[in-house]
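Please keep the sequence and the model open beside this note while you read.

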Amino acid sequence: MDHRIVYPRNGGVAIIVPAANCGLTLEQIAAKDVPAGVPYKIVHVSEIPSDRTFRDAWEYTS
Amino acid sequence: MSITIDGGAGITFPDTVQQTNGMTMTGGNPKYYAARAWVNFNGTGTVTIRAAVNVSSITDNGTGDYTINFTTAMPDVNYAAVVVGQQNDGGSTNQTTQLFDGGVYTTSRFDVFGQSSNGSNVDSAIVCAVVFR
């Protein structure tokens, strides 16, 4: 899939990578795999940096 | 050979059963059991699932910190998750990929961590996980 689901986690950001063949929509995956009550965004994969040198310093912006 | 149901002998399956989802279960003694879920994903760069069965997604929580989320939950938490990761530094340091005490391990998901010999989290180039129950 070309999209990612991002949500805040412990002051940083968690990024959900959906499986293309799982039979669920992005919204269904978000409903199941994002912790209850936590806001999230669906973004294009191009918005996620590929350089992970400072991965733990990434932050979630709403 | 077909499936037979006998009140005394129970149910007898043929040597090979092709399930509707494409997985194959083979008979024998001891019997073989297909994995309930498996996934192969890139843990560095743009984290991407390469292939998966019964995995809805993986969550990139941070450096060397991933969660594997099942599409259909396991029947209980007594499943066996086997994980392995590929080093991303060409083998210059010791690096393991493992389950951690304190990590999530529920019927819906479990955590996988990549760690270097000095105890810090490190990304794995490729992470593979298989689940049996």
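1. Strand β11 (residues 109-116) of chain B is mostly covered, since seven of its eight residues are buried, where buried means under 20% relative accessible area, exposed over 50%, and partly exposed in between (1.4 Å probe, protein chains only). Helices (H or I, at least four residues) and strands (E, at least two) are DSSP runs, numbered from the N terminus.

2. This is a predicted model, in which local features need pLDDT of at least 70 and side-chain atom pairs count only at pLDDT 80 or more, while totals for chains, interfaces and linings use all residues. Residues are numbered from 1 along each chain as its sequence is written, chains are lettered from A and ligands numbered from 1 in the order in which they are written, and side-chain values use heavy atoms, with hydrogens and water left out.

3. β11(B) pairs with strand β8 (residues 65-70) of chain B in the antiparallel sense over five bridges, two strands being paired if DSSP finds at least two bridges between them. In β11(B), R109(B) stands opposite N69(B). Strand β10 (residues 95-98) of chain B also runs antiparallel to β11(B), joined to it by four bridges, and here Q98(B) faces F113(B) of β11(B).

4. Turning to the two chains together, the contact (heavy atoms within 4.5 Å) takes 21 residues from chain A and 23 residues from chain B. The area buried between them is about 1,700 Å², of which carbon and sulfur atoms give 40%; buried area is the accessible area (1.4 Å probe) that two parts lose on being put together, summed over both. Of the area that chain A buries against chain B, R9(A), V17(A) and R52(A) supply 33%, more than any other three residues.

5. Between chain A and chain B there are four salt bridges, each a side-chain nitrogen of Lys or Arg within 4 Å of a carboxyl oxygen of Asp or Glu. One salt bridge links R52(A) with D123(B), and the closest N and O atoms are 2.8 Å apart.

6. Which elements give two or more residues to the side of chain A that touches chain B? They are β1 (3-9), β2 (12-18) and α1 (26-33) of chain A, and β2(A) gives the most, with six residues.

7. A strand pairing also crosses between the chains, as β2(A) and strand β7 (residues 55-62) of chain B pair in the antiparallel sense over four bridges. Within this pairing, look for I15(A), which stands opposite D60(B) in β7(B).
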